[in-house]
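Morning, everyone. Please have the sequence and the structure open while I talk.

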2 protein chains.
Amino acid sequence: MKILITGGGGFLGSRLARTLRARGELGGKAITGITLLDGAFPPDTSGFNAVKGDLADSATLQKVVEPETAAVFHLAAVVSGAAEADFDLGMRVNLEGTRLLLETLRRQCARPPRVVFTSSVAAFGGELPDVLDDATTPRPQTSYGAQKVIGEYLLADFSRKGFMDGRALRLPTIVVRAGRPNAAASSFASGIIREPLNGELCECAVSADTGVWLLSPRRVVEAFVHAHELPAGAWGTNRVVNLPGITATVAEMLAALKRVAGAKVVGHVVWKPDERIQAIVRTWPVRFRTPRALQMGFKPDPDVESVIRDYIADESIRI
Amino acid sequence: MKILITGGGGFLGSRLARTLRARGELGGKAITGITLLDGAFPPDTSGFNAVKGDLADSATLQKVVEPETAAVFHLAAVVSGAAEADFDLGMRVNLEGTRLLLETLRRQCARPPRVVFTSSVAAFGGELPDVLDDATTPRPQTSYGAQKVIGEYLLADFSRKGFMDGRALRLPTIVVRAGRPNAAASSFASGIIREPLNGELCECAVSADTGVWLLSPRRVVEAFVHAHELPAGAWGTNRVVNLPGITATVAEMLAALKRVAGAKVVGHVVWKPDERIQAIVRTWPVRFRTPRALQMGFKPDPDVESVIRDYIADESIRI
């Protein structure tokens, strides 16, 4: 089977690509090719068909979607902070790009492909219950969140029409992301662990009592593969699921970091409140019940310490 | 103030236009012009700026949106049956057209206009509770419904960004529509009353126990005006509301017609089941609790008999 990963040069996309390459199969079928679409790639893309291009460009999509494309992981997006700062850019990539991808898949794939779409906890906002659950209606308070919810509805209708077999996952904040800080409003959640472990200063844009609903890179890549491999009947007419996660405040994350790596490391965090970031993050929910996802076999991390230890192991960091 | 009505040549759009022309003011401001956009118009459009054109055409929208446009009623849509039969047409008009309208308003209006958008009970589908309420999450099972929900999310985000002040109404099935049957899957709900009252045969596509959540043309036009005139604070961060209605089965509607117009009239209904129509209608909900709309001052009809009597009066029908 041939696989397409949009955003395949990004942190999660690269990691998913490496995981699939190492597995060699998906859903019991041998993988015969993995195409990555992104604006930039890490240095080593051996074993992949890496295509540099824009999700919202029709010619690019026609190049990366082949008749044999049977599995698609749609991760590409303009992140939350950037889509809020540049409304037109977010609409063009996150809404038009997603629609164009679905249309191209519909027209160019020989058989309806399975499509895993990364939606987000940013779907939720406004007046929220203390604990969200599978019945909570999305009411996004960012353009990124609105664009993700619209993507979910498009995917659901394209699936209902039989053009594809779509599965949308609402991702918690992914912690710890490797690499550099990015324009996502959630960037602080990885930064307060990653930078101190690298011996670098981290300017934390939000207050210590800010809560985060989080999931590790390991678990989310497992969730991508699991979402693809579940039979269509497990989804039914509802093509979206809130992934399980764990809740931690910034203070709790720093306490866990201290237990794992010591007080000196935590000393690298300084407080530099950014009201624009805080205002976006404040609209995101912190606590969920996720019975549907758990029943479907998706798994959260056990605790923040293990999230930090996994990151240290994955990135071969010496502490 | 200048007003734009998309779908201003259609049944509800024409009726709203005549109501506004007769009022002469909206929200306490004198109306200085009413532009109607549609593909066709009734013979008499005196007093209106009637523009024939396509909602999804950028040049047309630039023509009908003026810097002084302060109130917009966005009614234009490819109806449910047609959007299901022609997926591309529905996506082009209902999704792209709506987005293009919002973008044109954003760019061309001197001040953020108030925008009333007609969404639909077709937003709901799939596994539903017996009685829906304000917390029920839309899960449309038609492309029309999906396109309407996407329009709601676009309107909400354009409103949150301050580009406009949007208000979306989820309309029950409108009964009794005057004129001819249309491609809406709900066409039967008016046809079983309208055709018999005209002494014409009506072939009913659905079974007698089919339930309908309905609202009269009088009440929905009142709702359009009320939705515009409510202060922004009445909407808050939630820019969509389920309008109140009443529930009746086809059998109950025919019983009411018999009480109003006699058994001979009802004899004009013959049963001609259409599985395609029945399948669409079956996904629509029939019973709602609408506390939010009632609290906001929206009003349902008292009963089916008064709906039929209003229709007879409005259309000057002799029985």
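This is a predicted model: local features need pLDDT of at least 70, side-chain atom pairs count only at pLDDT 80 or more; totals for chains, interfaces and linings use all residues.

Let's start where the chains meet. The contact takes 18 residues from chain A and 18 residues from chain B. Which element gives the most on the chain B side? That is α5(B), with eight residues. Sorted by class, the side of chain B that touches chain A has seven nonpolar, six polar and five charged residues.

Now look at the two α5 helices themselves. Helix α5 of chain A covers residues 143–160, and so does helix α5 of chain B. They pack at an angle of about 175°, and their axes are 10 Å apart. An angle over 145 degrees counts as roughly antiparallel. So α5(A) and α5(B) are roughly antiparallel to each other.

Who meets whom? From α5(A) we have A:S143, A:A146, A:V149, A:I150, A:Y153, A:A156 and A:D157. They meet B:S143, B:A146, B:V149, B:I150, B:Y153, B:A156 and B:D157 in α5(B).

Next, chain B and helix α8. This helix runs over residues 250–261, twelve residues in total. From first C-alpha to last it reaches 16 Å, close to the 16 Å expected at 1.5 Å a residue.

Which residues of α8(B) are buried? They are B:V250, B:M253, B:L254, B:A256, B:L257 and B:V260. Why do they sit on the same side of α8(B)? Because they cover an arc of only 160° around the axis. As a reminder, an α-helix has 3.6 residues a turn, so residues three or four places apart point the same way.

What does that buried set pack against? The partners in chain B are α6 (187–197), β10 (202–204), β13 (246–249), α9 (263–266), β14 (269–271) and α12 (304–314). Just after α8(B) comes B:G262, with a positive phi of about 95°.

Let's visit two of those partners. In helix α6 of chain B you'll find B:P196. Buried or exposed? B:P196 counts as buried, because it has 22 C-beta neighbours inside 10 Å. Setting aside neighbours within four places in sequence, B:P196 is in contact with B:C202, B:L257, B:V265, B:V266, B:H268 and B:V269. One of these, B:L257, is among the buried residues of α8(B).

Over to helix α12 of chain B, where B:V304 lies. B:V304 is buried, since it has 26 other C-beta atoms within 10 Å. What does B:V304 touch, not counting residues up to four places away in sequence? The list is B:I246, B:A248, B:E252, B:M253 and B:A256. Among them, B:M253 and B:A256 are buried residues of α8(B).

One more buried residue in chain B. B:V281 is in helix α10, residues 275–282. It counts as buried because 25 C-beta neighbours lie inside 10 Å. Again leaving out residues up to four places away in sequence, B:V281 touches B:A185, B:S186, B:V206 and B:T210.

Back to chain A for helix α7. It spans residues 217–229, so that makes 13 residues by DSSP runs. The helix reaches 19 Å from its first C-alpha to its last, close to the 18 Å expected at 1.5 Å a residue. Its buried residues are A:P217, A:R219, A:V220, A:V221, A:A223, A:F224, A:A227 and A:H228.

Last topic: the backbone. In chain A, a cis peptide bond joins A:V175 and A:V176, with omega of about 10°. A:V176 is in the loop between β9 (173–174) and α6 (187–197) of chain A. In chain B, the peptide bond from B:V175 to B:V176 is cis, with omega near 10°. B:V176 has its place in the loop between β9 (173–174) and α6 of chain B.

A:S316 is not a glycine, yet it has a positive phi of about 50°. It lies in the segment after α12 (304–314) of chain A. A:S316 is exposed, because 6 other C-beta atoms lie within 10 Å. For B:S316, phi is near 50°, also a positive value in a residue other than glycine. B:S316 is in the segment after α12 of chain B. With 6 C-beta neighbours inside 10 Å, B:S316 counts as exposed.

That's the tour. Questions are welcome.

Technical notes
Residues are numbered from 1 along each chain as its sequence is written. Chains are lettered from A and ligands numbered from 1 in the order in which they are written. Helices (H or I, at least four residues) and strands (E, at least two) are DSSP runs, numbered from the N terminus. The expected span of a helix is 1.5 Å times one less than its number of residues. A residue is buried if 20 or more other C-beta atoms lie within 10 Å of its own, exposed if 12 or fewer, and partly exposed in between; C-beta atoms are placed from the backbone. The arc is that of the directions from the helix axis to the C-beta atoms. Two residues are in contact if their C-beta atoms, placed from the backbone, lie within 7 Å. Axes are lines fitted to C-alpha atoms, for helices over the stretch in contact, and angles run from 0 to 180 degrees between N-to-C directions. Angles under 35 degrees count as roughly parallel, over 145 as roughly antiparallel, 65 to 115 as roughly perpendicular and the rest as oblique. Ala, Val, Leu, Ile, Met, Phe, Trp, Tyr, Cys and Pro count as nonpolar, Asp, Glu, Lys and Arg as charged, and the others, Gly among them, as polar.
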